[in-house]
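Hi,

Here is the structure we talked about, sequence included. Please open it first, then read the notes below alongside it.

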Amino acid sequence: MLVSVQDITAGYGSVTVIKNISLEVDRGEWVAVIGGNGAGKSTLFRVISGLVRPRSGKIYFEGRELTALPPHEIVNKGIIQVPEGRMLFPKMNVIDNLLLGGRNRRARNNVNESLKKVYDLFPILEKRASQEAGTLSGGEQQMLATARGLMALPRVLLLDEPSLGLAPLMVREIFNSLQILNKEGMTILMVEQNVVVSLKNAERAYVLENGEIVMSGSSKDLINDDRTKQAYLGI
Amino acid sequence: MGENSRTDIKIYLGLLVLLIVLLLLPTRLSITWTRTFAMVFLFIYWASAWNIIGGMAGEINFLHPIFIGAGAYSSTVLYINFGVSPWVGMFLGAAIAVVLGLVIGWICYRSGLPHLSFALICLGFSHIGEIIALEWDLLGGSRGLVIRPAPGLANMQFETISTYYYMGLGMAVLMVGICHWISRNKLGYYLKAIKHNETASAAIGIDTVRYRLLALAVSAFFCALGGTFYAQLVLYIDPHSAVSITTVISMILFCAIGGFGTVLGPVVGTLILMPIGEVVRLYVMTGFHLIIYGVLVIVVILLSPHGLVPWFQSRMKKTQEESPA
Amino acid sequence: MDITIIAQALIQGLMLGAIYGLIGLGITMVYAITGLLNFAHGDFMAIAMYLCLALFTHFNMDPYLSSLIAVPALFVLGLLVYHFLFRRVLKAELLMVVQLTLGMVFIIESSLLLTFTADYESVPNILHAVRFSLGPLSVSGSYLATFLVGGGAGAALYWVLQKTDLGRQIRAISQNKDAATLMGINTTRIQMIVFALAIALLGLSGSLTTSILTMEPYMGLELTLFAFIVFVMGGVGNFLGTLVAGYLLGIADAMGSLFIGGHLGAMVPYGLFVLLLLFRPQGILGAK
């Protein structure tokens with residue numbers, strides 16, 4: 001297993017947001033965590049990236065424990081998060097945003113090649129290179145956020161709500177690019193509210209409800225499961 | 001609720017005992033220490049007055065050197081030049097302080113300045129106030145003003161230092177009572193709401209500018225009266241002592257140690273810090289007492305960020321919960 | 001009023017302004033990435049100046065030479081103060097931080113008073129008596145050096161912020177700290193370095209101005225006030241605005257002492273600040 005989350009419980013202050021969560025992601029896999037608002041998806045990602053310390057439980061990456069590391073060391077290991085709401089640096093231009101993405105220890109010697117690669121994947125970014133990130137459209141911002149993540153040469157890419165606030169056409173474009181990446185061997189762990197898009201793209205999925213995992217399995221099985229159909233697909 | 005009021009009763013009993021001790025104390029104290037305690041009471045009074053606008057409304061307000069200066073200089077100038085009794089002059093000083101506070105406050109609150117800019121403007125105004133006192137001949141410039149001793153009730157000057165002591169004590173008790181009353185009334189609740197979230201307070205219909213101005217006016221009024229008392233106690237004022245930024249910083253630090261926005265915070269903070277400071281100043285070295293203040297404040301903030309009174313209250317609550325009666 | 005006198009004052013103002021900008025830039029950088037406001041900022045400059053005084057009285061060392069000691073010494077002092085104090089109040093409310101630093105003001109000012117007495121002091125440097133003339137205008141060597149080194153340091157720092165990886169990291173933290181962390185930036189380390197750097201800049205400013213500004217133990221709070229004014233005037237958190245505001249304040253200061261003089265003249269910068277805040281509360285270059 002590349003990533004192994006074991007029995008994680010975490011929250012803020014006296015509030016517990018996620019309880020006893022365990023999940024696994026294998027090399028080259030695309031795994032989705034599905035759940036509505038407040039289910040604890042973003043908290044899970046913040047714990048994996050080290051921004052929030054778990055109350056209990058452990059996280060392993062290639063068999064080594066991550067839980068005690070400071071966030072920047074977790075990034076240096078290649079666990080790269082593209083956060084919810086994109087969290088770009090709005091007053092910096094596109095290039096500076098991308099360069100910041102590619103400054104971790106593993107990626108910094110590879111910046112020029114990475115830049116070329118993300119421009120191939122998202123040609124519009126090259127056109128916007130000297131524009132401030134805050135002035136881009138929503139779709140372009142999501143592309144920049146994803147590209148910034150790729151600049152970091154991820155060994156596993158954590159995508160937090162990549163479809164959030166985007167028009168259907170733009171969602172399709174982003175996910176096409178992600179499909180290409182995954183085919184090339186990129187491991188993806190994604191949290192999403194959009195159940196249809198998730199199950200269409202990911203191989204496996206976990207369903208998160210009120211901070212706990214209530215269901216898991218291959219996307220094919222989940223899409224045909226009556227409970228999923230009723231609760232999430234509205235059919 | 002019942003437990004709460006029991007805690008309150010304990011606190012008030014403690015205060016009563018403290019008050020009785022303080023009332024009997026002058027018979028046992030040397031003149032120096034009686035004088036020192038008169039000054040301690042003045043600072044309890046000032047710090048409590050600052051706490052209305054600074055602690056309860058949560059402003060970083062440095063305007064008080066102006067208010068204190070207005071009180072001290074008005075009564076002294078009137079007394080020296082025109083023979084007007086300080087009992088009358090102090091109200092002119094208070095009126096000037098209120099007007100200055102309202103004008104500066106109105107300008108700043110209306111434009112919705114962020115806390116920091118407001119704090120800086122206050123510091124700037126206080127600095128300007130100090131410069132005016134330095135430059136204006138009527139105010140004695142840097143030489144200051146000396147009040148010739150002429151004991152008499154009408155001159156607010158007393159033969160024995162213990163009279164100042166009791167007057168200071170009375171002022172402190174009065175001020176704490178006023179703060180207690182404010183904290184239990186509409187003004188106090190509104191100030192707390194404004195401190196917590198000014199935008200939200202405005203949204204639920206609190207006229208935030210009006211209540212901040214009201215708090216500032218009350219604070220300015222009483223600080224100025226204290227300024228007159230200061231001048232009569234020391235019988236000498238100059239820009240560095242009467243329009244002093246160090247004084248307001250001391251007041252803020254006393255509140256910080258005791259607990260911002262709590263009624264008893266300024267009392268506890270001043271009663272702990274100032275006597276320690278005075279011992280150090282008298283028996284170790286002048287100037288060293290400010291270092292002690294600084295160190296104590298830093299220690300308290302690092303260990304108990306909200307001050308001693310809230311810390312003590314939460315401790316008492318805990319022990320009560322652990323041993324249900 | 002003779003035009004050369006005005007020009008003379010303008011030059012002098014620009015030269016002092018370089019230092020105001022430098023002091024303010026320290027505050028701006030620290031605020032941008034930690035949200036901390038240090039009311040003892042100016043007192044650290046006073047420490048640097050008194051360090052130069054001590055080195056001068058005991059070893060006859062020129063203040064310019066002393067800067068080689070003052071800058072690293074203040075950098076280390078900054079690291080220590082950050083590690084033991086500021087780091088612990090990063091998440092506290094603003095009022096707490098204000099008190100903590102006001103406590104430091106008392107400690108530093110009283111320590112200086114006890115060590116060096118309340119006497120006014122200044123330390124001459126090698127360029128103090130040298131005057132450079134251009135036509136009718138003439139300027140003292142120490143002012144010119146202050147301008148060149150101080151202004152140069154300000155400009156260099158601005159370049160670092162805009163063009164280097166360190167600068168990009170600093171700007172990233174100031175725009176979104178969590179996102180910066182997710183880029184693999186060690187935010188804790190950068191915050192500590194920037195704080196120490198801001199204090200080290202005061203070491204430089206202090207050793208440059210020992211012959212220009214009169215030293216006294218309580219000077220720190222007024223320097224802090226000037227630094228804050230520059231910080232707010234420039235548009236809170238705006239690096240370029242801070243430098244511009246520094247020069248503006250320097251000119252206002254020089255004009256005030258030229259046309260009005262004395263204590264009243266010293267009020268001109270505050271007056272300018274109050275006016276600016278009333279009509280443009282977001283500062284010169286700040287966005288609304």
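This is a predicted model: local features need pLDDT of at least 70, side-chain atom pairs count only at pLDDT 80 or more; totals for chains, interfaces and linings use all residues.

Strand 1 (residues 3–12) of chain A has two partners to look at. With strand 2 (residues 15–25) of chain A, strand 1 pairs in the antiparallel sense over 7 bridges. A:V5 stands opposite A:L23 in strand 2 of chain A. With strand 4 (residues 56–61) of chain A, strand 1 is again antiparallel, over 5 bridges. Here A:S4 stands opposite A:Y60 in strand 4 of chain A.

**The six-stranded sheet of chain A**

Next, an open sheet. It has 6 strands of chain A in the order 6-7-8-3-9-10, and the pairing is mixed. Which strands stand at its edges? Strand 6 (79–82) and strand 10 (212–218) of chain A do. Each has a single partner strand, so one side of each is left without a neighbour in the sheet. On average, neighbouring strands of this sheet are turned by 15 degrees against each other, direction ignored.

Helix 1 (residues 41–48) of chain A packs on the sheet. It touches strand 3 (30–34), strand 6, strand 7 (156–160), strand 8 (187–192) and strand 9 of chain A. The direction of helix 1 makes about 150 degrees with that of strand 7 of chain A.

At one end of the strand order, strand 9 (residues 204–209) of chain A runs antiparallel to strand 10 of chain A, and 6 bridges join them. A:A205 stands opposite A:G217 in strand 10 of chain A.

**Chain A as a whole**

The secondary structure of chain A comes to 10 helices and 10 strands. The radius of gyration of chain A is 17 Å, close to the 18 Å that the globule rule gives for 235 residues, so chain A is as compact as a globular protein of that length. Its C-alpha trace spans about 45 × 40 × 35 Å along the principal axes. Of the 235 residues in chain A, 46% are buried. Take the contacts in chain A with a separation of 6 or more: residues 24 or more positions apart account for 67% of them.

**Chain C**

Chain C has 12 helices and 2 strands. From the N terminus on, its elements run α-α-α-α-β-β-α-α-α-α-α-α-α-α. The radius of gyration of chain C is 19 Å, close to the 19 Å that the globule rule gives for 288 residues, so chain C is as compact as a globular protein of that length. The C-alpha trace of chain C spans about 60 × 45 × 35 Å along its principal axes. Buried residues make up 54% of the 288 residues in chain C. Among contacts in chain C between residues at least 6 apart in sequence, 77% join residues at least 24 apart.

**How the chains meet**

Now chains C and A. Here 14 residues of chain C are in contact with 19 residues of chain A. Helix 6 (165–175) and helix 7 (177–182) of chain C each give two or more residues to the chain C side. Helix 6 of chain C gives the most, with 5 residues. This side of chain C has 5 nonpolar, 5 polar and 4 charged residues.

Chain A and chain B do not touch. Their nearest C-alpha atoms are 17 Å apart.

**The core**

The largest nonpolar core has 263 residues. Those that touch the most other members are A:L158, B:F41, B:A224, C:A48 and C:I229. Helix 2 (residues 31–56) of chain B gives the most to this core, with 15 residues. Leaving aside residues up to four places away in sequence, B:F41 touches B:G168, B:L169, B:M171 and B:A172.

Best wishes

How values were computed
Residues are numbered from 1 along each chain as its sequence is written. Chains are lettered from A and ligands numbered from 1 in the order in which they are written. Helices (H or I, at least four residues) and strands (E, at least two) are DSSP runs, numbered from the N terminus. The radius of gyration is taken over C-alpha atoms; the globule rule is 2.2 Å times the number of residues to the power 0.38. A residue is buried if 20 or more other C-beta atoms lie within 10 Å of its own, exposed if 12 or fewer, and partly exposed in between; C-beta atoms are placed from the backbone. Two residues are in contact if their C-beta atoms, placed from the backbone, lie within 7 Å. Ala, Val, Leu, Ile, Met, Phe, Trp, Tyr, Cys and Pro count as nonpolar, Asp, Glu, Lys and Arg as charged, and the others, Gly among them, as polar. A nonpolar core is a set of buried Ala, Val, Leu, Ile, Met, Phe, Trp, Tyr and Cys residues joined through C-beta atoms within 7 Å. Two strands pair if DSSP finds at least two bridges between them. Axes are lines fitted to C-alpha atoms, for helices over the stretch in contact, and angles run from 0 to 180 degrees between N-to-C directions.
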